[in-house]
Amino acid sequence: MGRIKSLVMTYRDYDLNTLAKAYFTNEELTRLYKSYDSIIALETCNRIEFYLDGNEDEKELIELIYKKAGIKPRLLYDIDTIKHLLLVTAGLDSMFLGEREVLSQVKRAYAMGKPSPRLRILFESAIRFGEGFRRRHDLDEISFVKFLSNYIMGSIDRNSNVLIVGGGEVARGVVRELLRNGYRNITVINRTTDKLRYEFGNSIRLLGLDSLMSELTSGKYNALIAAISVQSPLINLDGFINNSLPKLIIDVSTPSIVNVQGNGHVKVIKLEDLREPYLNYVNGKSKVMGELSEIDYEAERIMRLIMRSDADEAIKDVMRFIEEIREEEIREAVNALRSGEDVETVIDAMSRSLIKKIMHNYLENMRRLAEAGNEDAVRKLKSYLMGILGNNEN
């Protein structure tokens, strides 16, 4: 059985609408965590992944996903799981290369998960690698937020009225970039506004979701940017006349929150529509995809750490067993000395008993192998024992 494994579903495997059916709610995740001793769930706008310790049974989880969404995840083991998570934290597996937000999402998933010692090594190493890789290759300069902000600013001028729906990292990142570049007429609509108010103060206008449709159809906005997590569309544009709506509508929510079915006058730019221009943007700024050897090297290093941790756990078990024997022998020796027995006799008896108890199982296995006529196995076991005792004699 593999030491670690991952169940992976991303935009590479399924379209975003299909993928959206497989998302777990907070209540479902809570129930899931109770069913496993070691699991980490990573859900972002275009990926759903579960990381399990090798002792955990993934079959029930795969079946649960299939019942929810009619899809099955890719199953990765050991080194492939490690490489995949490194690509994720580095931003190289994202729909938009260098995506900064996913690293924060990995950290949050790890903090909320139930990691085994192996998963702890994997996630802490992958997070450190992702942070370092991004610094070394200046990936912040090709982040999706940076691209999206530039795309918006290339379409509308600084005097435009901008309506942003969402309060997550993408939405806040766009607000920061717009403010930094002199855009002042920004309204943000979100479920909650406390965090937005704390970060942006009075530099933007803040409204609750109940005002969404009245604001959107007021005719005063030049652009709508939607970047919010929802279960179903929030905006239905059927029946609205074109001049009451923003001329630029960009919906990067997953799944899409804007429904334009039946309205042939409105064009909505969705996440998938931005992938090609984003790749052109990246190719003009970075050659990072030529640095994948770093991923391979780091994956091998982490695999060695995990294997070493397995050995350390086994060594601890053996040492606990030996320590129990040692303490028992000391108690018997002390009692013998207190009874007046000769010191040399007690020490000799203690050492003989200690060795016999420690070596008993090895020697019995050697006898059984010899009785079965397996001379080659006897020689190998003898060589192994002589190596333990510091003697290389065959």
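Tyr-110 is buried in this predicted model, with a relative accessible area of 16%; buried denotes under 20% relative accessible area, exposed over 50%, and partly exposed the range in between (1.4 Å probe, protein chains only). Because the model is predicted, local features need pLDDT of at least 70 and side-chain atom pairs count only at pLDDT 80 or more, while totals for chains, interfaces and linings use all residues. Residues are numbered from 1 along each chain as its sequence is written, and side-chain values use heavy atoms, with hydrogens and water left out.

Aromatic pairs were assigned to rings of Phe, Tyr and Trp (its six-membered ring) with centres within 6.5 Å, planes under 30 degrees apart counting as stacked, over 60 as edge-to-face and the rest as tilted. The count by this rule is 8. Tyr-110 and Phe-123 form a stacked pair, with 5.8 Å from centre to centre and 10° between the planes. This pair joins helix H5 (residues 101–112), which holds Tyr-110, to helix H6 (residues 117–136), which holds Phe-123, the two residues being 13 apart. Helices (H or I, at least four residues) and strands (E, at least two) are DSSP runs numbered from the N terminus. Phe-123 is buried at 1% relative accessibility.

An edge-to-face pair is formed by Phe-147 and Tyr-278, at 5.1 Å centre to centre and 75° between the planes. Phe-147 lies in helix H7 (residues 144–153) and Tyr-278 in helix H11 (residues 271–283), 131 residues apart. Phe-147 is buried, with a relative accessible area of 5%, and Tyr-278 is buried at 0%. Ring pairs also link these two residues with Phe-144 and Tyr-151 in a cluster.

Tyr-66, in helix H3 (residues 59–69), counts as partly exposed at 44% relative accessibility. Leaving aside residues up to four places away in sequence, Tyr-66 touches Ile-71 and Lys-72, where contact means heavy atoms within 4.5 Å.

For the protein chain as a whole, 14 helices and 12 strands were assigned, and 46% of the 394 residues count as buried. Along the principal axes, the C-alpha atoms fill a box of roughly 105 × 45 × 45 Å. Of the contacts with a separation of 6 or more, 69% involve residues 24 or more positions apart.
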